[in-house]
Amino acid sequence: MLRTLLRSAAALAGLITWVVVAAMPVPADAETTDGTLTVIVNRDVDGNRSYDAVIDEPQPGIGIAVTDASGSRVTGVTDRDGTFVLQGTSKLEGGRYFVVAEIPAALPRLTPVLDSSTFQPLSTTVDVTSDDQTVRMGVTAGRTSTEAPQSEPTSLSRSSNRSELARFAVGDIVWRDDNRSGVQDTGESPASRVSIQLLNVDGEVVASTVSRPDGRYVFDNLQAGTYSVRFAGVPEDFGLTPAGAGSLRAADSDPDYSGATPPFTLGAGEPNVRATTAVDEVAAAYINPTIDAGITPLRYAVGDRVWLDTNGDGVRQPEEPAALATVSLLTVTDNVVATTNTDATGHYQFTNLRGGRYRLKFTELPAHHVLTGRAADTDAALDSDPDPATGLTPVFTLAQGAPNLVPVTGANAASIDFENRTLNAGLVTRYSVGARVWLDNTGDGVLGPGDGGVGGVSVQLLGSESEVLATDVTSPTGQYSFNGLRAGQYRIRFSKIPDGLTFTRPDAGDPALDSDVDQAGTSGVFTLGSEAPADLSIDAGLTSPATYRGAPGVSGRPVSAAQSTPGGIARQIAMVGLALAVAGTSCLLVARRRRKA
């Protein structure tokens with residue numbers, strides 16, 4: 001008896017609260033900061049004080065009052081669906097609300113459902129500061145709230161002809177969509193051990209399972225209602241194939257990029273719901289067998305551009321122009337996966353790649369160009385990546401979570417999921433000089449048909465201040481070269497020529513065939529730059545003193561290397577001195593003879 005009185009008092013207190021709250025004043029200028037509040041009132045048809053979406057019916061006509069902390073309130077009545085929705089409103093300040101439901105006098109047989117784990121009291125508080133909230137309340141009819149609840153409803157058989165109380169199932173298959181068509185094709189294999197969740201209309205997980213070895217899954221013995229399925233356990237480096245790609249609902253993939261399908265309703269006569277058969281292997285009377293999911297290996301792309309690094313700083317500037325190159329995609333063992341060329345804008349791209357570890361190689365650069373310095377900037381999208389000596393980039397990874405990978409937008413989602421567009425190559429212009437040292441057999445200063453090369457001659461590249469920048473030695477055929485030079489002014493100096501030879505006369509004819517060095521073996525100044533990226537005409541001819549046809553020296557011959565040494569000069573002085581001594585002695589003898597006479 002005491003318990004009955006307490007419950008009646010609680011119900012009466014709720015009604016009193018409604019009256020008091022309804023009389024409170026409404027302050028002005030409240031801020032709209034709260035989310036949406038939804039109040040749902042259901043009639044507990046089976047009297048078990050537990051909400052059942054199939055059995056318990058919506059209850060319209062219940063008065064609802066929502067009051068904020070300042071006492072401002074908004075009132076309304078549940079609609080035919082038993083629902084009252086309060087959007088964010090300036091009439092309330094937001095935050096924590098006090099919600100009261102009133103059973104009107106027109107519904108005298110209804111009483112509140114008390115002591116329920118699924119129905120909230122007819123007076124409750126809820127926080128709607130930022131998130132949307134739902135409050136579900138219950139009323140019961142035909143007996144007082146103090147009467148003992150009825151026994152649980154008897155389980156329905158699969159053959160029940162009461163479709164509103166029948167049980168339902170949903171499921172089908174998870175498969176590997178290797179061709180990324182979004183449709184189950186012949187020969188495509190099932191995907192097992194994929195985690196799958198069943199969600200109710202509020203997005204709450206009500207059941208979970210995993211796909212079997214044959215890819216199939218099922219949720220059985222469900223109440224009628226609205227659900228969705230979420231495929232949550234897609235294997236690493238796999239993604240969901242495009243949804244809704246096929247004309248047959250049972251053959252396409254249903255979940256979107258988030259893994260969840262659109263809502264669907266389980267009920268007799270609903271789309272794609274049919275009566276079950278023994279083949280379905282379920283206890284339910286009806287099934288929706290069309291909720292499928294295709295998974296596919298993720299596809300990647302890599303690329304960006306080759307540019308001319310005009311200032312040589314290793315960082316791409318907006319005004320620096322595009323450049324050409326051949327780009328090869330390699331595995332970590334240097335097997336070539338694919339090769340392409342940059343387009344007119346300097347861009348290149350490799351698409352539809354499987355996950356893995358790769359690197360790039362840049363080759364076939366334009367003449368007189370080499371790769372600029374790598375990793376010159378902290379921005380991976382602006383610096384140059386290949387090693388200037390090898391043309392190879394460091395190894396990079398294509399996999400979810402790898403550096404510099406971004407989801408592809410605006411591209412074909414059926415072929416590319418992520419892309420790395422930070423692998424660039426900068427080029428700088430480099431110049432060269434070279435030619436040969438040859439034996440001028442005729443001494444005319446011009447390279448003739450029978451004039452062969454002279455090997456072993458030392459060659460020095462001199463800078464604008466006559467500093468030695470590089471050295472080389474002529475090959476057996478007399479060839480030498482200096483490459484990778486910056487723009488500027490240079491000279492060439494030849495030395496250590498074979499004994500018995502001297503430099504032939506310079507500038508005797510065609511610049512491409514004559515000798516370009518003076519008697520000291522040094523060329524004139526020449527310039528390398530964009531107008532003259534290579535000078536392959538700096539020759540040096542050697543000849544013997546006997547065949548020399550240049551400007552006459554002593555006795556009409558050039559000064560030989562031996563004559564130009566300190567020892568040679570001393571011998572000449574000695575010979576002259578001896579001649580003078582002999583001449584002096586002869587003069588003395590002649591003078592003495594004249595005296596005697």
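Q: Is Arg274 buried or partly exposed, and at what relative accessibility?
A: Buried means under 20% relative accessible area, exposed over 50%, and partly exposed in between, with a 1.4 Å probe and protein chains only. Arg274 counts as partly exposed because its relative accessibility is 34%. This is a predicted model, in which local features need pLDDT of at least 70 and side-chain atom pairs count only at pLDDT 80 or more, while totals for chains, interfaces and linings use all residues. Residues are numbered from 1 along each chain as its sequence is written, and side-chain values use heavy atoms, with hydrogens and water left out.

Q: Which residue forms a salt bridge with Arg274?
A: A salt bridge is a side-chain nitrogen of Lys or Arg within 4 Å of a carboxyl oxygen of Asp or Glu. Here the partner is Asp280, with the closest N and O atoms 2.9 Å apart. Asp280 counts as buried, since its relative accessibility is 17%.

Q: How many salt bridges are found in the whole structure?
A: The search finds ten. One of them joins the side chains of Asp304 and Arg421 at 3.7 Å, N to O. Asp304 is buried at 8% relative accessible area, whereas Arg421 is partly exposed at 36%. Salt bridges with shared partners connect Asp304, Arg316, Glu419 and Arg421 in one network.

Q: What is the N to O distance between Asp172 and Arg216?
A: Their side chains meet in a salt bridge at 3.0 Å. Asp172 is buried at 12% relative accessibility, and Arg216 is partly exposed at 37%.
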